Amino acid sequence: MGVWARLGGFGHAQLIQALHDRSVVRGGLLRGTQHLCVAADYLWMRPLLARRMGNLGLSAFRRQLEGIDLAELTQHARDVLAGRTMTRPQLARALAEWYPGRETIALAWAAQHQLALVHPPPSGIWRRRGHVHVALAEDWIGAPLASEDREGGEGREAGQDREGGDREGGDREGGGDGKGGGDSKGGEGVEGTVRGDAYVQELFRRYLAGCGPATAADFQNWSGLRRVREEVEAMRAQLRVYVDDAGRELFDLPALELADPDEDDAVPVRFLPEFDNLVLSHEDRSRIIREPGDRALICPGYSIVRPTFLEDGFVAGTWAVERGTLEVQPFRPLRDPAAVVAEGERLLAFLEEGQGADRVRIR
């Protein structure tokens, strides 16, 4: 649904085809959570994130994994999965043969954390339920992962040219003169020899293409990476640099200009799914969530991030489908309720819940 909200004409069939032809994969990436990703990009993003984030995410299984050599467990999992696809319970049972008496689900999660694993179909297919399937990314994609050499070893081929697109959420309003220059490479993949942490810089370009202007702290919040100041500073001459009212520097790609705040450009209503990256993409979420009290309504705790909708580019409320009716809960009176209803009808069609204004109810 997150792709549908951003790309006109996108439907279930396109994603199903991309998952089956392996041009798109699903696996653990940003912040250690599940994402859809172009397969060529996964080959360099996964090693980068794994290297920089370490064992973050395994703390929940610390007791169950105590005394286990993770390198040994990783090799056992690699041997078991080589050339095949398994469900997560099947992998867990296979690993239990080496670690009798251990909690099997902890073994499977450790393997998934340590290895670059993707989840082949039917995982990720609309309305399909059942056990998650896992496969070695290199086997499934048919290409090697990028080199993990931090200090400048040669990177294996890890990407391909891709077409750039509109940033997330369309034009953005703001002020201030941008400075900095140079052509942006934000629409290209990372290939061939890669020195140092050029992968971090490429990921920052991708982030700015969707969520800029943004601070280095915003990028860290979105990606889960830490200590990126050095890489960002090295890019300064290639980027636009803005300063907000609080004195913070915000970076952006030079080819992308801010919308003119004096122009009356309509920003369309958009419905977003739960856990959408746009809501989680900034350390300073006042840039997408207007009122501080709204954040607790969106993220009430217990790792919940509710589905939301945008009006004028800001989160305006939450939504849910109940018995085929789209229930819209605004945080305050809407500027254009008719536009929300119209977009709600489009959402119901995508969700295959049928259409009709009488099935969109604004509370």
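After α9 comes Gly 224, which has a positive phi, near 90°.

Two packed helices are described by the angle between their axes and the distance between the axes. Here the axes of α2 and α8 come within 10 Å and cross at roughly 115°. Because angles of 65 to 115 degrees count as roughly perpendicular, α2 is described as roughly perpendicular to α8. The crossing in which α2 passes α8 is left-handed. On the α2 side, the contact is made by Asp 41, Trp 44, Met 45, Leu 48, Leu 49 and Arg 52. On the α8 side, Tyr 199, Val 200, Glu 202, Leu 203 and Arg 206 take part. Sorted by class, this contact of α2 with α8 holds seven nonpolar and four charged residues, and no polar ones.

Another helix worth a visit is α12, which covers residues 292-298 and holds Asp 294. Is Asp 294 buried or exposed? With a relative accessible area of 4%, Asp 294 falls in the buried class, because that class takes in values under 20%. Leaving aside residues up to four places away in sequence, Asp 294 touches Ile 289, Phe 331 and Arg 332.

A wider view puts these details in their setting. The chain's secondary structure comes to 13 helices and twelve strands. The chain has 363 residues, of which 48% count as buried. Among contacts in the chain with a separation of 6 or more, 62% are between residues 24 or more positions apart.

Finally, a word on confidence in the prediction. The average pLDDT of the chain is 82, and 83% of the residues score at least 70. Where does pLDDT stay under 50? This happens over residues 150-196, a stretch for which the model has 112 contacts beyond four places in sequence.

Definitions and conventions. Residues numbered from 1 in each chain as written. Predicted model: local features only at pLDDT ≥ 70, side-chain atom pairs only at ≥ 80, totals over all residues. Heavy atoms only, no water. Helix = DSSP H or I, 4+ residues; strand = E, 2+ residues; numbered from the N terminus. Axes fitted to C-alpha atoms, helices over the stretch in contact; angles between N-to-C directions. Parallel < 35°, antiparallel > 145°, perpendicular 65-115°, else oblique. Left-handed = near helix turned anticlockwise from the far one by under 90°. Contact = heavy atoms within 4.5 Å. Nonpolar A, V, L, I, M, F, W, Y, C, P; charged D, E, K, R; others polar. pLDDT = per-residue confidence, 0-100. Buried < 20%, exposed > 50% of the residue type's maximum accessible area, 1.4 Å probe, protein only.
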